[in-house]
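I opened my notebook for this one and went through the chains a piece at a time. Here is what I looked up, in the order I looked.

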Amino acid sequence: MPMTRRMRRGLLLLAVCALPAGAAAQETPEQVVQRYYETFRSGDFAANAAIMHPSALEELRTTLVGFAELPGATEEEGFTEMFGVRTVEEMRALPPAVLFERMLRSQLGGDEMREILAGTEVSVLGHVMEGDTTAHVVYRMRMSVAQQTMDQVQVMPLKRADGQWRVLLTGSFAGMMNAVPRPGSEDE
Amino acid sequence: MGTGRWLAVCAAAVLAAVPAALPAQQTPEQVVQAYYGHYRAGELDRVVALTHPRSLEAFKSSIGRFMAFAGDEEDSPFGEMGDLESLPADSAYLVFMQGAGQEEEEYRELFGALQVQPLGHVLQGDSVAHVVFEASTELSGVSAREVMVITLRRQGSQWLVDPGGNLLDMVAGGMMPLLMRAGMEAGMSGMLDDEEDHDH
C-alpha cells in the first residue's frame, strides 16, 4: 500500500477514534457554570480564569489598562498589590488570564470572602440558547453574608471558544467595570 | 326535534363555546412581554394583576419591617403602620408604586425607553418557569443592554410574575441590574464629558 494512502487511512482511523472521545469530553453549559462556581468555592482563581471566554478576558484587560492609564492611577495605593505590576506597560504585558486571576485573588482571596464563597450553593436549572453560539444558563444561588441569606435566580452567558463553552462577562459586571470610580476621583 | 337531540345540540354548543370563554392561556414569554409593557405604559394596576400573590405578600411584609425599623412614618405613602396592615397586599403594592418611583423623572425615562425581548424559558418542575430575556433602555442618551431572568409561577391556569419579596426587585419589577447599569453608564458618560470639557 502506498505510503500516502496508508497515512490517509491512519489519519481517518485516528479521527474516527478521537471524535467520540472529544465529543464526550465537551462539557455542557450547565457543567461549565457548576465548575465555574466550584473554582470560587475552592479559591482556584487560575482555574476560574481558564473557564472565562478569551474575548471576555481581553475586554476586561482593555478596561483595566484604560483605568491604569488615567493620570496618577498607578501611584494609587493598592495598584501594585492588586495587579503585581508597577507600570501600565507591565500591566499591558500580562496575559489577560493572569491579570484576571490577580484581580480575583485581590478581591476575593481574603479570609472573609473565602468563607462566604465556600458556603455559597449553586443549583443549575437549565439553559436558553441565543442563536447557535451563546447559551444563557439559569441557576439559583444561595449565599449568606452577615447573617443575611441571599437566594436569587440568576443568568450567566456562555459562548463557544475552540469548541468549549466559556463564560462571558455578565452585563452587570461589564457595566460595573465601566463605572468603576477612577482612582483619585474622591480627592477631586 | 326530540328532547335528546336538543340536549345533544346544547351540549355541542357549550363544548364549542368553552374554549372561547376561557381566557387563552399565555405562555411565560407572553406574560413577561405584557408585564413590562404595562410598566412602560405606567399601567401599574395591570402590573399588579400580573404579579404573583406570593410576591405581593412578601413585599407587604418587607415594607412593614422597613417601616418598623426606620420609624419614620411621615415619608411613608401609607401614613401609619396600621394603615399598611389594613391594606390588602395588592393595594399596598399599588399605593407604594404610585407614591414612589413613578414620580421620579429618571425612573419614567428608564421605563419609558424599556424594550424587552424574551429568549426562552427554563422550567423548574411544573409550576415554575424562569424566563430569560434581553432588556434594553436609555438614560440621558446612553443605552444599556442586559440579558436577565425573571421567575414566573402558575396561579391556577395562569402564569404570574414573581420578582421575589426583595424591595428593590419589586419596585423595579426585577429590572434593578439593568437600571443600575444604565444609571452607572450614564453617570460615567457624564463624568467623561465633564473631563473633556475641563480639558478644553
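I began with contacts in chain A between residues at least 6 apart in sequence, and found that 53% of them join residues at least 24 apart. This is a predicted model, so I read every value as computed from it. Buried residues make up 23% of the 188 residues in chain A.

Next I noted the elements. Chain A has nine helices and four strands, and along the sequence they follow the pattern α-α-α-α-α-α-α-α-β-β-β-β-α.

**Sheet of chain A**

S2 (134–145) and S3 (148–161) of chain A run antiparallel and are joined by twelve bridges. Ser144(A) stands opposite Thr149(A) in S3(A).

**Helix H4 of chain A**

I checked the length of H4 (54–68) of chain A. Its 15 residues should span 21 Å at 1.5 Å a residue, and the end C-alpha atoms are 21 Å apart, which agrees. Which residues of H4(A) are buried? My list is Ala56(A), Leu57(A), Leu60(A), Arg61(A), Leu64(A) and Ala68(A). Seen down the axis of H4(A), these buried residues fall within an arc of 135 degrees, so they line one face of the helix. A reminder to myself: an α-helix has 3.6 residues a turn, so residues three or four places apart point the same way.

**Helix H2 of chain B**

Over in chain B, H2 (28–41) has 14 residues and reaches 20 Å from its first C-alpha to its last, close to the 20 Å expected at 1.5 Å a residue. Buried in H2(B) are Pro28(B), Glu29(B), Val31(B), Val32(B), Tyr35(B), Tyr36(B) and Tyr39(B). They cover an arc of only 160 degrees around the axis, which puts them on the same side of H2(B).

What do the buried residues of H2(B) pack against? I found helices H3 (44–49) and H7 (105–112), along with strands S1 (115–124), S2 (128–139), S3 (142–155) and S4 (158–161), of chain B. Just after H2(B), Gly42(B) takes a positive phi of about 75 degrees.

The largest nonpolar core has 72 residues, of which Val137(A) and Val32(B) touch the most other members. Leaving out residues up to four places away in sequence, Val32(B) touches Val116(B), Pro118(B), Val131(B), Phe133(B), Ile150(B) and Val161(B).

**Hairpins of chain B**

Two of those contacts came up again as a pair: the bridge partner of Val131(B) is Ile150(B) in S3(B). S2(B) and S3(B) run antiparallel, joined by twelve bridges. Their hairpin has two residues between the strands, and Ser140(B) takes a positive phi near 50 degrees there.

My last stop was S3(B) with S4(B), an antiparallel pair joined by four bridges. Arg154(B) stands opposite Trp159(B) in S4(B). This hairpin also has two residues between the strands, and in it Gly156(B) takes a positive phi near 65 degrees.

How values were computed. Residues numbered from 1 in each chain as written. Chains lettered and ligands numbered in written order. Predicted model: local features only at pLDDT ≥ 70, side-chain atom pairs only at ≥ 80, totals over all residues. Expected span 1.5 Å × (residues − 1). Buried ≥ 20, exposed ≤ 12 C-beta atoms within 10 Å, placed from the backbone. Arc of directions from axis to C-beta. Contact = placed C-beta atoms within 7 Å. Pairing = 2+ DSSP bridges. Core = buried A, V, L, I, M, F, W, Y, C linked by C-beta atoms within 7 Å.
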